[in-house]
Amino acid sequence: MELTPGLDVLEERAGHGPAARAGDTVRYDCRIHLNRGDEVAMAQSGHETILGKRRVIAGIERALTGMQAGGFREVRVSPHLAYGDAGVADAIPPRAVLVISLWLTEIIPPDRAA
């Protein structure tokens, strides 16, 4: 399925409970590969963000939105929803297409966030 132009999603496993939405704090694990297969070295587990605050690349934020806790998605993210023309020094080349595995481990609604 395509959530937005440039973001192709393969729903591997649905989760349970309510879907993540703007304002929710989400905890997730991810693994990032370049389209050509090289893994990007970064922490794979223990990520946290608040959806709608633009604290992560747009491709990850849009892919997490609508997921349920326990869900797993594989997403293909075009450069304009990732690191664009700049890339990330020594990790992600300019205009790179990313393949990201996302595991949503927890959703914390705004009224429960610390």
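**The core and what sits around it**

Tutor: Let's start in the middle: the largest nonpolar core holds 26 residues, and Leu64, Leu98, Ile100 and Leu102 have the most contacts inside it. By nonpolar core I mean a set of buried Ala, Val, Leu, Ile, Met, Phe, Trp, Tyr and Cys residues joined through side-chain atoms within 4.5 Å. Buried means under 20% relative accessible area, exposed means over 50%, and partly exposed is in between (1.4 Å probe, protein chains only). Two or more residues come from each of β2 (7-13), β4 (25-34), α1 (58-64), β7 (72-77) and β8 (98-108). In soluble globular proteins, nonpolar side chains tend to be buried together.

A word on what you're looking at. This is a predicted model, where local features need pLDDT of at least 70, side-chain atom pairs count only at pLDDT 80 or more, and totals for chains, interfaces and linings use all residues. Residues are numbered from 1 along each chain as its sequence is written, and side-chain values use heavy atoms, with hydrogens and water left out. The protein's mean pLDDT (the predictor's confidence in each residue, from 0 to 100) is 92, and 96% of its residues reach 70 or more. Among the elements, strand β6 (residues 68-69) has the highest mean at 98, while strand β1 (residues 2-4) has the lowest at 68. Where pLDDT is low, the predicted coordinates should not be read in detail.

Now look at the rings, where the count comes to one aromatic pair. Rings of Phe, Tyr and Trp (its six-membered ring) pair if their centres lie within 6.5 Å; planes under 30 degrees apart count as stacked, over 60 as edge-to-face and the rest as tilted. Phe72 and Trp103 have ring centres 4.8 Å apart and planes at 25°, so they are stacked. Because Phe72 lies in strand β7 and Trp103 in strand β8, the pair ties together parts that are 31 residues apart in sequence. Phe72 is buried at 12% relative accessibility, whereas Trp103 is partly exposed at 28%.

Slide over to β4 and β5: these strands run antiparallel and are joined by four bridges. (Strands pair if DSSP finds at least two bridges between them.) Tyr28 stands opposite His47 of β5. In β5 (residues 47-50), His47 and Thr49 make up the covered face, and Glu48 and Ile50 the uncovered one.

That brings us to the charges, with six salt bridges in the structure. The rule is a side-chain nitrogen of Lys or Arg within 4 Å of a carboxyl oxygen of Asp or Glu. Glu48 pairs with Arg27, their closest N and O atoms being 2.6 Å apart. Glu48 is partly exposed at 47%, and so is Arg27 at 33%. Another salt bridge joins Glu39 and Arg31, N to O at 3.4 Å; Glu39 is partly exposed at 42%. Then there's Arg36 with Asp38, closest N and O atoms 2.8 Å apart. Arg36 is exposed at 62%, while Asp38 is partly exposed at 35%. Through shared partners, salt bridges also join Arg27, Glu48 and Glu106 into one network.

Most residues other than glycine have a negative phi, and most peptide bonds are trans. Arg54 isn't a glycine, yet has a positive phi of about 60°; Arg54 sits in the loop between β5 and α1 and is exposed at 75%. Asp90 also has a positive phi of about 60° without being a glycine. Find Asp90 in the loop between β7 and β8, exposed at 88%.
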